Structure formats: structure tokens, C-alpha cells
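Colleague: I have a model open and would like to learn how to read it. Could you take me through a few features?

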Amino acid sequence: MEKNKTLLKICGIRSIEEMDELKGLNIDYVGCIFAKSPRQVNIEIASQIVKIAHKNEKKVVGVFVNAMIRDIVRIVETLKIDVVQLHGNETAEYCEELGKALERIHKNYLNDLKNDVKSIKDKTVIWKSFAVKNKLPNINDYKSFIEYPLFETKGEKAGGNGKTFNWQILKEVSPYSFILAGGISTENVEAAISYRPAVVDVNSKVEIDNRKNKKLVEKIIEIVKS
Ligand SMILES: O=C(O)c1ccccc1N[C@@H]1O[C@H](COP(=O)(O)O)[C@@H](O)[C@H]1O
């Protein structure tokens, strides 16, 4: 994956039909929400979504809110999820413990594959969300355990609030060192990528009638990938 270009995540895929509709588009990551949400998916649906995504060279992000580490591990192992997005009050210690568990999964995977170097699967990484209002949080304690912090808007719900925060504060952050989420739409995605996030995370604003709208997603792609 390119490091100096913003990648695109479309989160909250809730059905096989939605994934099928989006599979040919230039999306880098798709998100499956395992936490309580209108977009929550069960293991059976998620497993089909992951298969279609991987076949179409897209990585899969599993979204969890204050879940038991053993439950995350079971899902990652069963479905072969590429990224775990933690969207609750998970501490740095929790991230460290989860990171060790993900490392063990990867080692077992490599042992099983010993002679087939080409098909080695990357280690599952952690993205930790931080709810932001007017000030960036201090994430120093988390840095060694996560791939990226995900800055999202503080809202009533754990996620998917559809609201933006004051993006001006991102000027202090190194380019491509964070993920930007919260209320990103066809209208503001150009402004969002001007802050050079590693990944721009789009969710509720590309939905019509409770499902992702292909035309809106295509518009987002046109802007992000131009
Ligand atoms: O979308 C949800 O329902 C959700 C539920 C629980 C945790 C996270 C959730 N979504 C995440 O919220 C952000 C922003 O979404 P939006 O664009 O404001 O709708 C995104 O990272 C989703 O992964």
C-alpha cells in the first residue's frame, strides 16, 4: 500500500449484496462493525464479506467497542481480518495485550505456511479511535502498540455519529500518521484529504435507506483517488 497518498476506507458494510456492489471499486479498506450498531454484522455475514473483499484485493477492518480480547482474537483467527479498529475506551495496556495476541496468531500462521513464503499474510494491526472535539488527545502511551490513531468526532454514540470536528487542529499532526473519520461526505472529503490523513474513513454519509450508495461511494473515490 502507498504511504504518501491517502487511502480510502468504506466502513459499516452490512450485507453481502452491499459488498458485491462495491467490490469492483477502488476502495482500500472495507469495515465490518462487530459492536452494537445498526451496522452490526454477525460472523456468518462478515465471513462472506471478508472473502469477497480479499478476492478483490481489499483489506478488512473489524470494528470493536470495549470487546473481550479473546472474542476479538477468535474473530481475527476465524475470518482473517487485517485491521482491528478499537472504538471504545480501550487503554494502552489493552492495546499492548491485544497486540501480543495478534502477534501469536501471526506466528502460528507463519508456522503453518513454513515453505510458502509468497502467501505470508501480514500481521493484523490495531487502529485506535480517539474522540476529538477542539483539542487533539495525547496518544503517547498508545504509540508503540497501534499502527494509527483514528481521530473521530466526539458524539452521543460510540461511532457513526456523522459529525465532523474542527479539522484545523490536524495541522499540528505529521502527514500520513493518522486516520480521519467522522461525518465525511462527498461535500467535505476534498477538505478532509487536504490534511493528509493516511486513511480517510467514510461511513454514514454515503448511505441512503440504510445501505451504502454506490453512486455516492464512486463520487468519494473520484475525489480521493484523483
Ligand atoms: O458506524 C457505526 O455504527 C459505529 C458503531 C460503533 C463504533 C463505530 C462505528 N462507526 C465508526 O464511526 C466512524 C465515523 O462514522 P461516520 O462517518 O461519522 O458515520 C467510522 O470510523 C466508523 O468506523
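Colleague: Which residues does Ile-169 touch, not counting residues up to four places away in sequence?

Modeller: Contact means heavy atoms within 4.5 Å. By that rule, Ile-169 touches Val-132, Lys-133, Asn-134, Lys-135 and Leu-136. Before we go on: this is a predicted model, where local features need pLDDT of at least 70 and side-chain atom pairs count only at pLDDT 80 or more, while totals for chains, interfaces and linings use all residues. Residues are numbered from 1 along each chain as its sequence is written, and side-chain values use heavy atoms, with hydrogens and water left out.

Colleague: Is Ile-169 buried or exposed?

Modeller: Buried means under 20% relative accessible area, exposed over 50%, and partly exposed in between (1.4 Å probe, protein chains only). Ile-169 has a relative accessible area of 12%, so this residue is buried. You will find Ile-169 in the loop between β6 (148–153) and β7 (179–181). Helices (H or I, at least four residues) and strands (E, at least two) are DSSP runs, numbered from the N terminus.

Colleague: Now the helices. Which residues of α3 are buried?

Modeller: In α3, residues 69–79, the buried ones are Ile-69, Ile-72, Val-73, Ile-75, Val-76 and Leu-79. Viewed down the axis of α3, they fall within an arc of 165°, so they line one face of the helix. That arc is taken from the directions from the helix axis to the C-beta atoms. Arg-70 and Thr-78, on the other side of α3, are exposed. Just after the helix, Lys-80 takes a positive phi of about 65°.

Colleague: And what about α6, which residues are buried there?

Modeller: For α6 (residues 214–224), they are Leu-216, Val-217, Ile-220, Ile-221 and Val-224. Their arc around the axis is only 140°, which puts them on the same side of α6. Lys-215 and Glu-222 are exposed on the other side. Among the elements covering the buried residues of α6 are β1 (7–10) and α1 (16–22).

Colleague: Last one: which residues touch the most other members of the largest nonpolar core?

Modeller: A nonpolar core is a set of buried Ala, Val, Leu, Ile, Met, Phe, Trp, Tyr and Cys residues joined through side-chain atoms within 4.5 Å. The largest here has 62 residues, and Leu-8, Ile-27, Phe-34, Leu-98 and Leu-170 touch the most other members. Helix α4 (residues 92–113) supplies the largest share, seven residues. A second, separate core has 15 residues, including Cys-11 and Val-61.
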